Amino acid sequence: MSILKKILTTAALTSAMMAGAAQAENVKIALVVKALGIGFFEAAAKGAEEAAKELGDVEVIYTGPTDTTAEGQIEVINSLIAQGVNAIAISANDKDALVPALQKAMERGITVISWDSGVAPEGRMMHLNPSSNALIGNTIIKLAADNMPEGGEVAILSASATATNQNIWIEEAKKVLPNYAGVTLVDTVYGDDLADKSYREAQGLIAKYPNLKAIIAPTTVGILAASQAVTDGGLIGKVNVTGLGLPSEMAGAVESGATKSFAIWNPIDLGYAATMLSYNIVKGAKAEAGAEIGMGRMGTAKLDDNNEAAMSDPFTYDASNIADFKSIF
Amino acid sequence: MKAALTSRDALLTYAIIAMTAVIAYRFPAFITPSSLANTFNDTAPLMILVIGQMIVILTKCIDLSVAATLALTGMVAALMDGAGVPLALVIPAAIALGAMLGMVNGLLVWRVGIPSIVVTLGTMTIYRGVIFLMTDGKWVNAHEMSDAFKALPRLHVLGLPVMSWVAIAVIAIFAVIMTRTVLGRSFYAVGGNPHAAVYAGIDVGRTQFAAFSISGALAGLVGYLWVSRYAVAYVDVAGGFELDVVAACVIGGISIAGGIGGVRGAILGCIFLGIIKNALPVIGVSPFWQMAISGTAIVLAVAVNALQNRPKGRLILKTTETGARA
């Protein structure tokens, strides 16, 4: 009896001491990514470190499996639970497979949020989207309009005619079109995310619309192929190619001038915002529909009915900053 | 026989002219010389690949791995260029690698005796998988390629880009090989009547091996041209292009059963497909209709070919049947 009592007392004391120590210690936030060694996520880790420095009492654990599997992430989550981290911010390899492991984490009092690639609502407290469809739709039109002050004809070169993402963005872009005086959308064509078909479609647009001022491609394959078609056609300066692309892929097109500017979500900001949100929720912010949670320099995240929030406009890249980003992602 | 061949090619030529006329009616700028040159240049990679595929099909085989071979050699060429290897070495290396990949197909068909459709279906996946292993799925982009690497196919000589000239050279060389050399004639013999070929002293397996090697080498050449032209190399380059190559052969009257067809028909098949691909974007057809239209055009072309061939096939069957009954 006395032994048991002793053990219990010791255990209670130890846990009390540990709890006390934890309070004085840093907030441990684990940034779990799809796989280690991917430029996009390394950049997100940089953003997380930036947030940690700004907050002061935060320790960021950047981790993830070596390949993009849900099994690998589950192992990582289990070891993080064992380590007793305060928060897990995850970009998921599978929407549903991670739910049980993450629920276990939440039962242990760990704050769980997802970012970039989401987890089903029952497996996280909130999800941070890099941007919203409306913001992306507006950005792609704005990028074209900014480079044509007198207005003119623009055309969209999309992925396949049935691609969900692209179709939503194009719908959103059409909604905001009246806000840009003089900009007319003359055609929408589909390159099926194949380099050769996209190239041909871009050539077709150029042949069909002699006054075309810009081609908007909200897809990484399309924007590259269109840039190449414009370069080969000797139309740099006449037709501007813009849309969504990755800096590492678009560096050549920006250098040649075929693309004046393009956009994509900034992974550094994303890692930063995810860390800030995790910290604020650990510190007591309620993650519920309609709540507004601070994201430091990124403003506040407003949660919708699914506890999802959008970070910001996609980040714009041009000749002035492409060199800094092309080696990152 | 000669007359039948001529009229089939002639029929396809009329179809191409009629189709071009309809397109010109809807979009007159399509038939300007520069636009037609563009279309020809855009079709050049298809033509080179179709020559290789034609030879393979003539020997009663099929090469479904051409697009994957193209993608793998293209990626290797881009990586070699990135490592600073001069262009004068990159192109021969690409052709040699393509030939080696073709030889793998050829050996499996010749020595192991696996049907070619199974062999190339497998190697198609393997070759794409190898690209993934080499690069971890990363892209090689325009700014990572040297200027010389990107400039060659675009260089204009006598009014046409080098890529078009390469295609013309390949067509000319193989037009001679197929009609004037022992190897060229043995491709027909092997596909037309394998048993007779054996009696004539032709090694069927070895000839098929040669066909796959040529197809691979040409795919290697196109690998460089393709990656250089679109200035990007990644795993899915030319995804599904093998079907276009086979379609162009079939439209051009190359019999899938082997032994029938020629360079002229194959090239007409390419031009037919190339015009459809280049015209559909400019004549304002809904993207949902485009696939159905190109598919219908292919079926129509093949149906016409089949009708052309029908009297001959019937005659042989009937003679044999009556012969057997008698």
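This is a predicted model: local features need pLDDT of at least 70, side-chain atom pairs count only at pLDDT 80 or more; totals for chains, interfaces and linings use all residues.
Chain A holds an open sheet of six strands. Their order is β2-β1-β3-β4-β5-β13, and the pairing is parallel. The edges are taken by β2 (58-63) and β13 (308-310). Each of these has a single partner strand, so one side of each is left without a neighbour in the sheet. Neighbouring strands are turned by 20° against each other on average, direction ignored.

One pairing in detail: β4 (residues 111-115) and β5 (residues 126-129) of chain A run in the parallel sense and share three bridges. Here A:I113 stands opposite A:M126 of β5(A). Helix α10 of chain A, residues 267-282, packs on the sheet. This helix touches β1 (27-32), β2, β3 (87-90), β4 and β5 of chain A. Its direction makes about 160° with that of β4(A).

## Where chains A and B meet

Chain A gives 22 residues to the contact and chain B gives 20. On the side of chain B, the elements with two or more residues are α2 (33-58), α12 and α13 (287-325). The largest share comes from α12(B), with four residues. By class, the side of chain B that touches chain A has twelve nonpolar, five polar and three charged residues.

## A helix crossing between the chains

Helix α7 of chain A (residues 195-208) packs against helix α12 of chain B (residues 263-282). The angle is about 50°, and the axes lie 8 Å apart. That angle makes α7(A) oblique to α12(B). The crossing is right-handed.

From α7(A), the contact uses A:R200, A:E201, A:G204, A:A207 and A:K208. From α12(B) come B:K277, B:N278, B:P281 and B:V282. By class, this contact has four charged, three nonpolar and two polar residues.

## A helix pair within chain B

In chain B, α2 also packs on helix α10 (residues 204-230). Their angle is about 170°, with axes 8 Å apart. Angles over 145 degrees count as roughly antiparallel, and α2(B) and α10(B) are therefore roughly antiparallel to each other.

The residues of α2(B) in this contact include B:P45, B:I48, B:L49 and B:V56. Among those they meet in α10(B) are B:F212, B:L218, B:L225 and B:W226. The contact of α2(B) with α10(B) divides into 15 nonpolar, three polar and no charged residues.

Definitions and conventions
Residues are numbered from 1 along each chain as its sequence is written. Chains are lettered from A and ligands numbered from 1 in the order in which they are written. Two strands pair if DSSP finds at least two bridges between them. Axes are lines fitted to C-alpha atoms, for helices over the stretch in contact, and angles run from 0 to 180 degrees between N-to-C directions. Two residues are in contact if their C-beta atoms, placed from the backbone, lie within 7 Å. Angles under 35 degrees count as roughly parallel, over 145 as roughly antiparallel, 65 to 115 as roughly perpendicular and the rest as oblique. A crossing is left-handed if the near helix is turned anticlockwise from the far one by less than a right angle, and right-handed if clockwise. Ala, Val, Leu, Ile, Met, Phe, Trp, Tyr, Cys and Pro count as nonpolar, Asp, Glu, Lys and Arg as charged, and the others, Gly among them, as polar.
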